[in-house]
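Open the model in your viewer and keep the sequence panel beside it. The stops below each say what to select and what is there.

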Amino acid sequence: MIQISIDPELKKAAPHLTLGLVEAQVEVTQHDDVLWEKIDACIKQITASLSLETLTEAPEIKALRDAYRAVGKDPSRYRGSQEALLRRILQGKGLYQINTVVDINNLVSLKSRHSVGSYDVERLTPPIVFRIGKPGEQYKGIGKEMINIEGLPVFADANGPFGSPTSDSERAMIRLETKRVLMVIIAFAESPNLSTHLESARSLLGTFAKSPAVIEACTVG
């Protein structure tokens, strides 16, 4: 398993913060019909049980928003990725279809209601630390312009920041040629079901990303 830690300053701002990690060899494909049947079923369940008015009171989302305020970021301007996904669904916009690993990432996020990031391990240089963004730090977001990540919780390796619970960078994004993936479930709230969500991620990767073997799954807190 690739080495990853949580910086004490960030842990102080978010004392319940825990990371669930899954590392796996994968075969990334453009689309899988059966996977999207599962995603569509999850979307139907969400629209039947959630509303835009109550979304921010969900414990997982509230905990992320509280953590962002604790480190000085406005959570209404810098939303967690899980809140952004859920808002799209509740607004009737659906989800983008990207590739099987990214689609699995989004399904795990929808089911767990935690922000989830997936990264190409071969484009990372350990060790990795989850820390608060430093003054002046920025990167090009996936499908976006440069993102100001100062003050945001960010994942950084030896070459600098590459991801956050709000938006990841292009550097380590999942491509069709990706062969090894690190999936991170970012739980700011207490999450007694984290092991269940990790097992779900392992199962989905094994079934829909043709993973011959999950290298490892663990938690960091």
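Start by selecting R77, which is exposed because its relative accessible area is 65%; exposed means over 50%, buried under 20%, and partly exposed in between, with a 1.4 Å probe and protein chains only. R77 sits in the loop between α3 (59-70) and α4. Helices (H or I, at least four residues) and strands (E, at least two) are DSSP runs, numbered from the N terminus.

A note on the model before moving on. It is predicted, so local features need pLDDT of at least 70 and side-chain atom pairs count only at pLDDT 80 or more, while totals for chains, interfaces and linings use all residues. Residues are numbered from 1 along each chain as its sequence is written, and side-chain values use heavy atoms, with hydrogens and water left out.

Zoom out to the whole chain. It has six helices and 10 strands. Its radius of gyration is 16 Å, close to the 17 Å that the globule rule gives for 221 residues, so the chain is as compact as a globular protein of that length; the radius is taken over C-alpha atoms, and the rule is 2.2 Å times the number of residues to the power 0.38. Along the principal axes, the C-alpha atoms fill a box of roughly 45 × 40 × 35 Å. Of the 221 residues, 53% count as buried.

Next, select residues 115-120, strand β3. Is this strand enclosed or open? Six of the six residues of β3 are buried, so the strand is largely enclosed by the rest of the structure. On one side are S115, G117 and Y119, on the other V116, S118 and D120, and both faces are covered. Show β9 as well: β3 and β9 pair in the antiparallel sense over six bridges, where pairing requires that DSSP finds at least two bridges between two strands. G117 stands opposite V184 in β9.

Stay on S115, which counts as buried because its relative accessibility is 1%. Its side chain reaches the backbone oxygen of P165 at 3.0 Å. Leaving out residues up to four places away in sequence, S115 touches L64, S81, Q82, S109, P165, V184, I185 and I186; contact means heavy atoms within 4.5 Å.

Now look for the nonpolar interior. A nonpolar core is a set of buried Ala, Val, Leu, Ile, Met, Phe, Trp, Tyr and Cys residues joined through side-chain atoms within 4.5 Å. The largest has 37 residues, and I104 and L205 have the most contacts inside it. Elements that each supply at least two residues of this core include α2 (33-49), α5 (100-112) and α6 (194-208). Select L205: beyond its neighbours within four places in sequence, L205 is in contact with V22, A24, V26, V101, I104, M183, K210 and S211. A second, separate core has 34 residues, among them L19, V71, Y139 and I149.

Finish at the open sheet of four strands, ordered β1-β4-β7-β8 with mixed pairing. Its edge strands, β1 (4-6) and β8 (160-163), each pair on one side only. Inside the sheet, β4 (residues 128-132) and β7 (residues 153-157) pair in the antiparallel sense over four bridges.

Terms used:
A polar contact is a pair of N or O atoms within 3.5 Å; within protein, one must be able to donate a hydrogen and the other to accept it, and residues adjacent in sequence count only if both atoms are side-chain atoms.
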